[in-house]
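Reader: Please take one close look at a single part of this model. Keep it brisk, and tie that part to the rest of the chain.

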Amino acid sequence: MDSNRGQNGIQLLLAAEQEAQSIVNAARNEKMARLKQAKDEAEKEVAAFRAQMELEFQQKVTESSGDSGANVKRLEKETAAKIDNLKAEASRISQDVVHMLLKHVTTIKN
């Protein structure tokens with residue numbers, strides 16, 4: 001009878017060990033599934049963030065390239081205005097410069 005009881009005890013321990021192993025395996029599989037799900041969600045978030053950043057970048061590139069045409073026109077206008085100003089100033093003082101040069105060329109020093 002004692003041997004029967006010992007056999008039953010061993011059988012109970014083996015059954016408990018198998019049950020514990022199945023519980024551990026189930027928990028491990030559940031953990032792996034959660035990790036995979038978290039990884040997939042993180043990849044989706046990264047992809048969405050990357051797409052948003054790319055869109056913002058493209059918008060800024062479009063805005064800045066659109067501005068470059070406006071900047072070129074603005075600079076052309078400013079340059080033309082400065083050239084006109086220099087021409088007007090040169091016209092205004094050209095007679096004075098000619099007289100000053102003639103005076104220095106024709107003046108005789110001893």
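Author: Ala47 sits in helix H1. Helices here are DSSP runs of H or I, at least four residues long, and strands are runs of E, at least two long, numbered from the N terminus. This is a predicted model, where local features need pLDDT of at least 70 and side-chain atom pairs need pLDDT 80 or more, while totals for chains, interfaces and linings use all residues. Numbering starts from 1 along each chain as its sequence is written, and side-chain values use heavy atoms, with hydrogens and water left out.

Start with the extent. H1 covers residues 2–106. The chain has one helix and zero strands. Its radius of gyration is 46 Å, well over the 13 Å from the globule rule for 110 residues, so the chain is more spread out than a compact globule. That radius is taken over C-alpha atoms, and the rule is 2.2 Å times the number of residues to the power 0.38. The C-alpha trace spans about 150 × 40 × 10 Å along its principal axes.

Now return to Ala47. Its relative accessibility is 43%, so Ala47 counts as partly exposed. The classes are buried (under 20% relative accessible area), exposed (over 50%) and partly exposed in between, with a 1.4 Å probe and protein chains only. Across the 110 residues of the chain, 0% count as buried. Leu14 is 33 residues from Ala47 along the chain, and their C-alpha atoms are 49 Å apart.

A record covers part of this helix. UniProt, in an unreviewed entry, lists residues 25–59 as "coiled-coil region". Its positions follow the numbering used here, feature names are shortened, and annotations may be inferred rather than shown by experiment. In the model, residues 25–59 are 100% helix and 0% strand.

Next, the charged pairs. Side chains of opposite charge can pair when their charged atoms come close. A salt bridge here is a side-chain nitrogen of Lys or Arg within 4 Å of a carboxyl oxygen of Asp or Glu. The count is four. One of them joins Glu30 and Arg34 at 3.5 Å, N to O. Both residues lie in H1, four residues apart, about one turn of the helix. Lys36 and Asp40 form another, at 3.4 Å. They too lie in H1, with a spacing of four residues, about one turn. Lys36 is exposed at 54% relative accessibility, whereas Asp40 is partly exposed at 30%. Further along, Arg74 and Glu78 meet at 2.9 Å, N to O. This pair also lies in H1, four residues apart. Arg74 is partly exposed at 42%, and Glu78 is partly exposed at 35%.

Last, the nonpolar surface. Ile93, Val97, Met100 and Leu101 make a nonpolar patch of about 320 Å². Patch residues have over 30% relative accessible area and no salt bridge; like charges are joined within 9 Å, and nonpolar side chains (Val, Leu, Ile, Met, Phe, Trp, Tyr) within 5 Å.

Key:
Accessible areas come from the Shrake-Rupley method with a 1.4 Å probe; for residues, only the protein chains shown count as cover.
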